[in-house]
Every structure is written in C-alpha cells, then in structure tokens.
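Subject: Structure for your review

Dear colleague,

Please find the structure below, handed over for your own work. My notes on it follow directly after.

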Amino acid sequence: MTRIRLAHLSDPHLAPLPSPSARALLSKRVFGYLNWLKNRRHALGEDILAEIVDDIARQSPDHVCVTGDLVNIALPEEFAQSAAWLTALGPADHVSVIPGNHDAYVPGAVKRAVDFWGDYARGDNGESFPYCRRIGPVALFGVSTGVATPPLYASGRVGSAQLAALDRLLDRHDDAFKVVMIHHPPDAGLAAGRRGLTDIGDVRDVLSAGCVNLVLHGHTHEASLKWLDTPRGRAAIVGVPSASSDGARYPMASYALIDIDFARNTARMTRRGFRRADGPIDSIEITELDFAPVLD
Ligand SMILES: [Fe+2]
Ligand SMILES: [Fe+2]
C-alpha cells in the first residue's frame, strides 16, 4: 500500500440534545444545558453534519479519525446516539474515535463513553487509551484528554500513566508514519488556561521524542496548522472546525483529508467543507505538508 488517505473530522456535538431529567442536571451539566438552549437549539447542525459525512464517504478514505466532543453534556442517551452515529460512519476497523472534554463532562463519563463506543475506541490488541492501530504503513494512536472539570473549565489532561505508555508505543512503531489523535491541541497558542492541556509540556516532549509525523486535534472549532519539531524533522499539528458548525459562532463546518504518498514521500492536506451555510461542500484549501514520511 503506497498511498493512505485519512479523513479527520471533529467536534460534531451531536444534536438534538435529549431532554435531561432534573436529576441529571444536578451537576455541571446544568451549565452546558443552558448554554445549549441558548446557542445550539436552533442551529442547522444536523443537516450540515450529514452532508459532511456523505462527502467523506465519497472521498473513500482508508480510515476516518474522529477527535472528540461527540456529545454535549455526557447524558447516557447522548452516548447511545453517538454510538449509532459512529456505526453509520463506518465499521469499527475503519473509524477511530477519542473523547473530548464534552464527552468527559461529569465524573465517570469517559468510561461510559468508551463502553458505548466499544471497538471504535480501542487498539488492535483491544487496548484502551493510549491505543494503537496499524493501517498499512500508518500507526494511528488514540489519546484521551478527557477529565471531568469544574463549571466554566474546558481543560484536558493526558496524565503520567498514559504518557508513559504512549512513549513506549511510539518507540515500538518506529517503522511507521505516526499519527496521534488528541482532542486538546498540544499547542498553547491555540488553547491554554481553562481551555488548554494542563500537562502540555510533558505531552509535547513525548510527541517530539517519539518522532510523530502528524497530530490531529479538535476542541478549538477552527482550522489551524502548527508544527512541532522532532529529532527526525517536523510534525504537522492539524486542527479542524466542528463538523456540524453552521458558522454562527465558529467557522463553517469542514474536515481534513490527508493523503500520504509513501512512494513519493509527500503528504497533502485538503480541507473540504462549506464556504457558506447553503453549501455546496467544496475543497477550500490544499496544503502540502512539507515533511518527509520517515520509514526505517
Ligand atoms: Fe467542541
Ligand atoms: Fe472540546
């Protein structure tokens, strides 16, 4: 396999939000629910997301990467809805998912999410975060930054146990083009403080020492491209808007296609999405990611 095409979408924040019970709102959820009523209830997100998903299918990616915030306030009904949505996106060996802070909205939520997501959130050996899946010459790593936080906080943390395991996993897959999925961007210029990664320094150290080639993240709801220096060259850090955004609060929905050509040692990113809310979906930006895939 000399070419691999990855599709990267994020932050679908699936709608409609099921009506929570009064008991379920006795938590941080009440803030998120009021926020959703104010901002999202009338959004066009469902149709937009469906069109993005259809467009991804037409591009025939080898694998689809979903970088978190599938739900809004981590109600069990929302996780059931998200599991059905993943099934519609493709089979578990074709789609990988990690949690975001909204999937970790209250204590215990990440575990519940992973129970619903099953094999979509596990590695080739059935392991949980950090997990690793091989897609030909690509090694795809799934990292969780999902930790329950106080109201008005949207921060994330990988934690020392997961980082140590990731360090070992990255080492073991030195023959591969290494792609890491992580919800919060490992770049303080994109998210910091109450919205950032609390162990960002350690995360960047492990990603760099592990010679990653590409990092895929969500959380910011904006398209971005940053770089991380590694001993073998630089890694691209790619962020995408919410795949359901109607453009009212954040940029319009789009996703990234990453084409890695192992014969020519090149990678190209194509952002596809809406220029305006009434469509159509189009290629809106093509960027050569000028780093060479490194294969031992
Ligand atoms: Fe989000
Ligand atoms: Fe987020």
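This is a predicted model: local features need pLDDT of at least 70, side-chain atom pairs count only at pLDDT 80 or more; totals for chains, interfaces and linings use all residues.

I begin with helix α5, in which Leu166, Leu169 and Leu170 are buried. A residue counts as buried if 20 or more other C-beta atoms lie within 10 Å of its own, as exposed if 12 or fewer do, and as partly exposed in between, with C-beta atoms placed from the backbone.

Residues are numbered from 1 along each chain as its sequence is written, and chains are lettered from A and ligands numbered from 1 in the order in which they are written.

The face of α5 turned away from its buried side carries the exposed residues Ser160, Ala161, Arg168, Asp171 and Arg172. The buried residues of α5 pack against β4 (131-135), β5 (138-142), β6 (177-181) and α6 (200-209), a contact being two C-beta atoms, placed from the backbone, within 7 Å. Helices (H or I, at least four residues) and strands (E, at least two) are DSSP runs, numbered from the N terminus.

Several of these strands belong to an open sheet of six, with mixed pairing, in the order β4-β5-β6-β7-β9-β8; two strands pair if DSSP finds at least two bridges between them. Its edge strands, β4 and β8 (224-230), each pair on one side only. Within the sheet, β6 and β7 (residues 214-217) run parallel and are joined by three bridges, and valine 179 stands opposite leucine 214 in β7.

Another open sheet, also of six strands and mixed in pairing, has the order β3-β2-β1-β10-β11-β12. Here β3 (95-97) and β12 (281-288) are at the edges with a single partner strand each, so one side of each is left without a neighbour in the sheet. Strands β1 (residues 3-9) and β10 (residues 254-261) pair in the antiparallel sense over six bridges, with leucine 6 opposite isoleucine 258 in β10.

Finally, isoleucine 52 touches Leu9, Ala243, Ala253, Tyr255, Gly273 and Ile281, leaving aside residues up to four places away in sequence.
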